[in-house]
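Here is a short briefing on a protein model. It covers aromatic rings, nonpolar cores and a pocket.

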Amino acid sequence: MREPWVVGVSGASGTPYPAAVIRGLLDAGEAVDLIVSRAARLTILDETGRPFRDAHWADDLATWLGRDLADADLRFWPAGDLAAGPSSGSYPVRGMAVVPASTAACAGIAIGLSKDLLQRAAEVNLKERRPVVVVPRETPVTRSHLEHLIRLHDAGAVVLPASPGFYGAGAAASAQQLVDFVAGKVLDALGVPHTLFRRWSGELAAARRDADRT
């Protein structure tokens, strides 16, 4: 039986994050069901210069990810389709990542609003006690946003802010390395193996550089 990971993309800035998560899932041989909110389409257009359209989602996604998806196990569900598979707990999935998670998405999921398929799918995965990772990116945060994040935590979600670490690549880390760090942490929380970043080994970066030179 096919059991995909659901990836929900909301309208917060940070479209490189879901792209890296999707690539990581596909590289691990995982199936992916994708939901892109209406607001996220505007963000994708603004940050990549490319549209994301329901009727052309496969071509648009391939352009966004920068790879051929002919052999990928992918399914796309329009955000307005509340009768879609991920809207029901009987639809088999392994869990869900909401990346990036806007304040509106966090609030909607936390209070069970089910405004669109993204919010409904996240609520379904929480009630079914499946892994749910929520990646808030906006900063600073208000008290209400913090309260919604606490609600998500208490409901069983992993709240994983888009906060990259520098110990893997150092202060000269590229933007892609920082994106991959966050994506790797998402995959860690889902239990999906990856090689997106160098893991901490207890050895300082300076010592590693000295060892590499000798």
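Ring pairs join Phe52, Trp57, Trp64 and Phe76 into a cluster. Rings of Phe, Tyr and Trp (its six-membered ring) pair if their centres lie within 6.5 Å; planes under 30 degrees apart are stacked, over 60 edge-to-face, and the rest tilted. This is a predicted model: local features need pLDDT of at least 70, side-chain atom pairs count only at pLDDT 80 or more, and totals for chains, interfaces and linings use all residues. Residues are numbered from 1 along each chain as its sequence is written, and side-chain values use heavy atoms, with hydrogens and water left out.

**Aromatic pairs**

- The count comes to 7 aromatic pairs.
- The ring centres of Phe52 and Trp64 are 6.2 Å apart with planes at 80°, so this pair is edge-to-face.
- Phe52 sits in the loop between helix 2 and helix 3 (57–65), and Trp64 in helix 3, 12 residues apart. Helices (H or I, at least four residues) and strands (E, at least two) are DSSP runs, numbered from the N terminus.
- Both Phe52 and Trp64 are buried. Buried means under 20% relative accessible area, exposed over 50%, and partly exposed in between (1.4 Å probe, protein chains only).
- Tyr167 and Trp200 have ring centres 5.8 Å apart and planes at 75°, so they too are edge-to-face.
- Tyr167 is partly exposed at 33% relative accessible area, and Trp200 is partly exposed at 48%.

**Nonpolar cores**

- A nonpolar core is a set of buried Ala, Val, Leu, Ile, Met, Phe, Trp, Tyr and Cys residues joined through side-chain atoms within 4.5 Å.
- The largest has 36 residues; Val7, Leu25 and Phe52 are among those that touch the most other members.
- Helix 1 (residues 16–27) gives the most to this core, with 7 residues.
- Another core, of 24 residues, lies apart from it and includes Ala79, Tyr91, Val93 and Leu126.

- Ser37 is in the loop between strand 2 (32–36) and helix 2 (38–48). Its relative accessibility is 6%, so Ser37 counts as buried.
- Leaving aside neighbours within four places in sequence, Ser37 contacts (heavy atoms within 4.5 Å) residues including Val9, Gly11 and Asp116.
- Of the 14 residues lining the largest pocket, Ser37, Ala39, Lys115, Asp116 and Gln119 lie nearest its centre. A pocket is an open set of points on a 1 Å grid over the protein atoms alone, where a 1.4 Å probe fits, with protein on both sides within 12 Å along at least five of seven lines; lining residues have an atom within 4 Å of a point.
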